[in-house]
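Dear colleague,

I am handing over the structure below, and my notes on what was found in it follow.

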Amino acid sequence: MQVTLNNIIPIPLKENLSKRPSDVWHSQIQFEKGCRVKIKAPSGTGKTTLVHYLYKMRSDYEGTVLWDNKDIQEIHGDELAVRRQQSISVIFQDLRLFTNLTARENIELNRVLQKPFYESHVIEEMADRLGITHILGQPAGICSYGEQQRIAIIRALVQPFSILVMDEPFSHLDKRNSEKAAVLIEEECAKRGAGLILTDLDEDEYFNYTTLSNL
Ligand SMILES: Nc1ncnc2c1ncn2[C@@H]1O[C@H](COP(=O)(O)OP(=O)(O)OP(=O)(O)O)[C@@H](O)[C@H]1O
């Protein structure tokens, strides 16, 4: 799937945006299969807002967001659900885990939404690589935030996608765990020939990105 931003301007940020240059807003940008794009911008400049626009969670913007040349405002119901299950996977900044469900149940829910992309043993293999095997049976709500981030990463990786969007996915992970997660994410994107869009506050070398620094 290709995602295109056509002259997007967030209405709540419009006044501030007229005072600063931007690599993203009021531009034509395409995110293609295979891309590695990092949006590096300070707190409060609109990274999460952009992620919500890309996934059709909010529509308070001028301009258009296209999925494969179709305005996402015209995508509803089953078509929207299938796109989210098959084409675009997101790790939200606030993770959106079900706190009463175990880590494994949170991941399983995404795996079995449609015809599973992976068999269930892949969850154990990914958990082992990210060092969270011991909390798989624990309610997500009592896991540390760093553990919850790794649950959300695995949940996003067990479904099919051609674009993966991650909003500050390593904010509570140390460097070693961030590197391990990045290697797994890169492998899963490469397997699918998928594109990756990541937001963050700082520089890093986890992926070979194109960086957009002004938001
Ligand atoms: N639903 C909304 N309606 C109006 N304004 C909003 C809404 N959501 C966020 N904002 C405002 O838009 C600005 C950008 O918020 P956003 O969460 O996108 O920033 P961010 O770059 O992701 O920040 P951080 O790095 O701190 O997570 C903030 O000033 C915020 O108050």
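By class, the shell around the ligand holds 4 nonpolar, 7 polar and 1 charged residues, where Ala, Val, Leu, Ile, Met, Phe, Trp, Tyr, Cys and Pro count as nonpolar, Asp, Glu, Lys and Arg as charged, and the others, Gly among them, as polar. The residues around the ligand include Pro12, Ser43, Lys47, Gln93 and Leu201, a residue being near a molecule if its C-beta atom, placed from the backbone, lies within 6 Å of it.

Please note that this is a predicted model, in which local features need pLDDT of at least 70 and side-chain atom pairs count only at pLDDT 80 or more, while totals for chains, interfaces and linings use all residues. Residues are numbered from 1 along each chain as its sequence is written. The mean pLDDT (the predictor's confidence in each residue, from 0 to 100) is 94 for the chain, and 100% of its residues reach 70 or more; the model scores ipTM 0.94 and pTM 0.95.

The chain has 7 helices and 9 strands, which are DSSP runs numbered from the N terminus (helices H or I, at least four residues; strands E, at least two). An open sheet of 4 strands runs in the order 2-1-4-5 with antiparallel pairing, and its edge strands, strand 2 (28-31) and strand 5 (70-71), each pair on one side only; two strands pair if DSSP finds at least two bridges between them. Strand 1 (residues 3-10) pairs with strand 2 in the antiparallel sense over 4 bridges, and Val3 stands opposite Phe31 in strand 2.

Best regards
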